[in-house]
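Student: Can we go through this structure together? I'd like to start with the contacts between the chains.

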Amino acid sequence: MTRVINLAPGPTELDQVWGLRDDYYKLFMEDYNKSIGSGDPVLVELCRLRIAQLVESRFDLALRYSPAVRAGLTDEKTTALPRYPTSDEFTERERICLEFTEQFVIQSSAISDEDVARVMTVLTPEEFIYLCKALSVMDQFARASSAFRLEPPPVVPATMPDFLLPAQADA
Amino acid sequence: MQSEDDGSPAAAIAIPIELSRLAAIPIRTKRSFQLDPVLHELIRIYNAKYQDCQYCQNARQAVAVQHGLEEDMVSALGHFETSDLPEQIKAALRITSALASNPALLTDQIWADAGRYYSEQELVDIVLLSMHTTASKTTITLGLDPGKEASSRLFYPTETDCYGTSEDLSEAIAGLESRGIAVRPQAEARI
């Protein structure tokens with residue numbers, strides 16, 4: 001249960017907590033949805049879930065990005081995510097981007113020109129720019145979800161129309 | 001790095017200006033976060049230092065300075081726990097610090113201690129502002145930090161090229177002016 005006690009109305013703890021600043025909530029989620037929609041959906045979803053694992057956001061871990069599921073992202077692969085450096089489930093491109101994601105989450109100011117150059121061997125400059133923006137909003141959102149201790153939602157929040165609950169993803 | 005969305009790639013990766021205004025950047029408005037200006041500025045600068053954004057950490061909100069922000073408070077951010085900063089500022093910075101490093105470290109004790117000084121709505125605002133100001137990670141990672149020289153100055157809420165305009169902002173600026181707070185850039189006021 002979230003650590004916030006006096007909540008706004010809404011079907012999920014996300015709505016109930018962020019709804020206390022409803023104007024900010026709506027606009028942030030608009031930017032979030034737009035920002036994650038500009039890249040390869042499978043790659044974005046792998047990065048989102050890895051961020052959620054690192055910052056311990058149970059809320060984020062309970063959702064699946066539907067464009068990624070439609071593009072073929074499997075449960076086997078998401079389950080293998082903590083073992084991405086060695087698991088056969090992942091391509092070299094995914095490994096490099098996930099490693100970069102970890103750097104972004106843990107200490108982005110320590111990312112070197114060499115680190116960026118490595119990512120640019122598997123992404124175009126445009127893809128890299130959009131990945132950075134997606135990482136930024138996903139990192140922000142997961143940090144707040146963890147800090148507020150948001151529970152996994154019983155339904156998909158209306159502000160996250162491109163997401164599914166795992167049961168829906170399996171159907 | 002903020003922008004009105006004109007459909008360009010730069011605008012697509014930028015933070016919407018209205019979102020920042022709702023985060024009370026540059027000042028509190030009726031629909032924004034409602035934190036004390038000094039605390040707001042200390043949270044913003046704490047994250048700027050943590051993310052190593054030269055541009056962000058070398059500017060000061062003129063309104064916060066007029067409300068009591070002093071440079072020794074800014075200097076203390078790097079060691080706030082052992083500093084002379086007031087206990088209520090430390091309580092808020094513990095939340096900001098956890099958000100920036102590992103939000104799972106935000107314990108019930110930290111939350112409860114902060115709750116001795118702040119309402120629950122203010123605690124929510126502290127979390128959301130701490131989160132909002134981590135957005136400079138993108139700027140740093142893309143090598144787009146304009147640097148210290150571009151920002152070593154006081155900044156004012158009337159700088160429309162940075163903060164745009166809105167009814168809420170205009171109303172808040174008028175409210176500050178009516179209380180004698182300077183809201184317009186002075187000639188070359190550098191820090």
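Predicted model: local features only at pLDDT ≥ 70, side-chain atom pairs only at ≥ 80, totals over all residues.

Student: Noted. How many residues of chain B are in contact with chain A?

Tutor: On the chain B side, 43 residues. They are in contact with 41 residues of chain A.

Student: And what area is buried between the two chains?

Tutor: About 3,600 Å². Carbon and sulfur atoms give 59% of that.

Student: Which residues of chain B lose the most area to chain A?

Tutor: B:Met131, B:Lys137 and B:Thr141. Together they account for 17% of what that side buries.

Student: How many polar contacts and salt bridges cross the interface?

Tutor: There are 19 residue pairs in polar contact. The salt bridges number five.

Student: Which element gives the largest share of the chain B side?

Tutor: Helix α9(B), with eight residues. Other elements supply at least two residues each, among them α1, α2, α8 and α10 of chain B.

Student: How do the residues on that side divide by type?

Tutor: Into 24 nonpolar, 11 polar and eight charged.

Student: Back to B:Lys137. What is its salt-bridge partner?

Tutor: A:Asp139, with N and O 2.9 Å apart. B:Lys137 lies in helix α10 of chain B and A:Asp139 in helix α9 of chain A, so the pair joins two chains.

Student: Are those two buried or exposed?

Tutor: Both B:Lys137 and A:Asp139 are buried.

Student: How many salt bridges are there over all chains?

Tutor: The whole structure has 26. One of them pairs A:Arg50 with A:Glu102, at 2.7 Å from N to O. That pair links distant parts of the chain, 52 residues apart. A:Arg50 is in helix α3 of chain A, and A:Glu102 is in helix α7 of chain A. A:Arg50 and A:Glu102 are buried.

Student: Which residues are linked in a salt-bridge network?

Tutor: A:Asp23, B:Glu18, B:Arg21, B:Arg31 and B:Asp168.

Student: New topic: α3(A). How many of its residues are buried?

Tutor: 12 of 15, so the helix is mostly covered. A:Leu46, A:Cys47 and A:Leu49 are among them.

Student: What span should α3(A) have?

Tutor: At 1.5 Å a residue, it should span 21 Å. Its end C-alpha atoms are 21 Å apart, which agrees.

Student: What sits at its two ends?

Tutor: At the start, a side-chain oxygen of A:Asp40 comes within 3.0 Å of the backbone nitrogen of A:Val42. A:Glu56 follows the helix, with a positive phi near 60°.

Student: Last one. Where is B:Arg94, and what does it touch?

Tutor: B:Arg94 is in helix α7 of chain B. Leaving out residues up to four places away in sequence, B:Arg94 touches B:Phe80, B:Glu81, B:Glu87 and B:Ile110. Its side chain makes a polar contact with the side chain of B:Glu81, at 2.7 Å.

Terms used: Residues numbered from 1 in each chain as written. Chains lettered and ligands numbered in written order. Heavy atoms only, no water. Helix = DSSP H or I, 4+ residues; strand = E, 2+ residues; numbered from the N terminus. Polar contact = N/O pair within 3.5 Å; in protein donor to acceptor, adjacent residues only side chain to side chain. Contact = heavy atoms within 4.5 Å. Expected span 1.5 Å × (residues − 1). Buried < 20%, exposed > 50% of the residue type's maximum accessible area, 1.4 Å probe, protein only. Buried area = accessible area lost by both parts, 1.4 Å probe. Salt bridge = Lys/Arg side-chain N within 4 Å of Asp/Glu carboxyl O. Nonpolar A, V, L, I, M, F, W, Y, C, P; charged D, E, K, R; others polar.
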